[in-house]
Amino acid sequence: MCGIIGYAGGESDDTVLERLLHGLSNLEYRGYDSAGIAVANAPLAVEKRQGELSELERALVDDDTGSDESAGSESWIGSNAVDAVDGFDGPTGIGHTRWSTHGPPSDVNAHPHTSPNGSVAVVHNGIIENYRELREELSAVGYEFRSDTDTEVVPHLIDRERSEGADRFAAFRAAIAQLEGSYAIAAVFPGCETIFVARHESPLVLGLGEDGNFLASDVPAFIEYTNKVLYLEDGEFAAVSPSSVTVSDASGTVVEKSIETIDWDPEDAGKSGYNHYMRKEITEQPRAIRDCLRGRIEELGATVSLPELEGTETPSAVQFVACGTSYHAGLFGERLLQRRGIPAQTFVASEYDAAELPVGEETLVVGVTQSGETADTMRALRGANRAGATTLALTNVVASSAARECDHVLYIRAGPEISVAATKSFASQQVTLSLLATALAETADPSISASREHLRELRRLPDHIQSVLDDSNAQSVAEEFLESDAYFFIGRGYNAPVALEGALKLKEITYRHAEGFPAGELKHGPLALVTEATPVFAIVSGREKTAATIGNVTEVQARGAPVVAVTDSPETVGSHADYVLEVPETHPAVMPIVANVQLQLVAYWLADALDRPIDKPRNLAKSVTVL
């Protein structure tokens with residue numbers, strides 16, 4: 001949700017403009033509806049446009065050449081056209097992709113925002129909760145507002161402090177001190193090579209390059225240039241120049257920060273020849289799961305080794321807090337723990353309130369979040385910390401907010417995931433939760449050992465998924481249902497969360513109505529919606545209450561609905577279905593992970609046939625960092 005990039009340049013042949021546009025391009029996956037940049041020339045050079053990044057690129061060339069034809073329809077990032085843009089050749093700049101919160105998408109509401117006299121330009125992620133009061137205060141002393149945004153108060157506040165004699169950094173600090181809410185903010189001044197930065201409850205990372213330094217809301221913005229990073233904590237400030245990065249606290253005291261090394265290959269964030277990031281990331285699941293399992297299973301002794309949990313007391317109960325796809329992963333983990341005798345519940349993070357729940361020192365609260373920055377999940381984890389619970393971040397991003405603020409962190413090791421629709425991160429979450437459930441059960445009762453079959457099948461899971469990727473008939477099945485009115489997904493036990501996830505994935509990228517249910521719930525209401533135009537996808541494991549789910553299948557078939565069985569027992573289940581999406585026979589707690597891949601492919605091929613923008617579905621963002 002919203003993306004920030006900043007670059008304080010060095011002696012490279014690349015212009016600041018090119019690096020800003022590369023950064024914004026790498027952040028498109030976060031979701032946005034406008035984009036803009038500001039370069040610290042004297043005067044400031046600012047350009048911003050509603051729509052996709054290509055509109056900003058076109059405006060930059062058109063403004064420079066006076067032609068409406070110069071940019072064409074293709075992105076010119078990295079081409080010689082970048083060097084032709086006059087006025088955007090300063091050593092320092094900032095850029096932003098906006099996802100609308102205050103005011104509709106428009107050129108005026110796009111970031112950066114500037115003071116009326118052009119003394120400062122600002123980009124901002126987050127929500128300024130007291131912006132109305134600040135706006136009234138500033139308007140009363142003559143400041144005029146052009147946008148509907150909460151962000152515009154920030155450059156005006158900085159300008160007011162400057163007019164009263166404060167230097168740039170002091171004015172920036174004084175303005176930030178007046179804000180309430182969440183923010184990652186970066187500001188540039190005309191003719192100044194330093195970018196000034198602040199963070200509170202919104203992610204911001206600094207990149208240390210050989211020929212200049214970066215700041216961004218996420219590492220992929222600059223991963224081509226450096227993998228050396230510093231993470232800002234809440235309440236910290238930074239001054240980023242071409243030759244140095246200085247971090248300080250609210251009082252101005254310098255803070256020593258440790259440098260982290262990101263082990264992502266820049267190529268991991270590319271499409272590698274696929275038409276969509278989502279398709280590429282679906283195919284990366286075997287590799288992601290191997291990375292997730294590496295060094296964590298001792299199959300011969302049927303044990304799981306998670307050094308990250310050392311020092312963790314046996315919990316009296318486990319509470320999962322998560323949103324969206326991660327919530328479905330939490331439901332899967334809940335079932336794994338319950339079947340091992342450990343009380344577990346899963347909460348939608350936005351509905352979780354530790355103060356109203358039985359939360360104490362013996363409670364383990366697990367925040368499941370791909371990015372480690374999800375605002376609702378972070379709020380829930382902070383509440384759990386205040387209540388005295390032990391907290392664990394189950395996340396993909398090293399040194400993310402969740403990883404830094406929780407007592408323990410367990411990485412899912414999925415690698416960068418760019419498509420808004422989560423795929424490989426969900427599979428990696430399921431696998432990591434399988435390991436967590438086993439480890440916690442062993443901690444609770446050392447005499448308990450994991451099922452050797454379960455661990456063996458987890459080790460074989462990458463091969464099972466690869467066989468689905470190689471042989472799936474999901475594309476032909478999807479094409480049979482292009483004109484359907486709605487799509488229903490059902491499953492029992494371990495399969496129920498995957499039914500929910502299958503429906504979510506389909507609605508996210510096809511814009512078609514889809515719902516998932518525990519199979520037994522069909523007759524308690526949803527069956528009224530079943531018609532000949534509503535296909536039902538039934539996830540049926542041959543070893544997990546098959547008869548009951550087949551009974552639900554016959555109920556929908558009696559109403560004329562076509563049935564697609566996703567199953568590891570086609571010889572048993574196939575006769576009850578119109579179509580079969582087969583998965584290899586495996587352990588009941590592993591089968592849903594494989595079955596989910598078939599449902600991902602159905603959603604993908606249906607969206608592709610409908611010509612949807614698969615990687616950037618409307619109104620959605622990859623990382624939701626505001627409440």
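A residue is called buried when its relative accessible area is under 20%, exposed when that area is over 50%, and partly exposed in between, for a 1.4 Å probe and protein chains only. The model is predicted, so local features need pLDDT of at least 70 and side-chain atom pairs count only at pLDDT 80 or more, while totals for chains, interfaces and linings use all residues. Residues are numbered from 1 along each chain as its sequence is written, and side-chain values use heavy atoms, with hydrogens and water left out.

Threonine 534 has a relative accessibility of 3% and therefore counts as buried. This residue sits in the loop that links β23 (514-518) to β24 (536-540); strands are DSSP runs of E with at least two residues, helices runs of H or I with at least four, both numbered from the N terminus. Beyond its neighbours within four places in sequence, threonine 534 is in contact (heavy atoms within 4.5 Å) with Ala486, Phe488, Leu529, Ala561 and Pro562. A polar atom of the threonine 534 side chain lies 2.7 Å from the backbone nitrogen of threonine 531.

Between β24 and β25 (residues 563-567), the parallel pairing extends over five bridges, and valine 540 stands opposite threonine 567 of β25.

How values were computed
Polar contact = N/O pair within 3.5 Å; in protein donor to acceptor, adjacent residues only side chain to side chain. Pairing = 2+ DSSP bridges.
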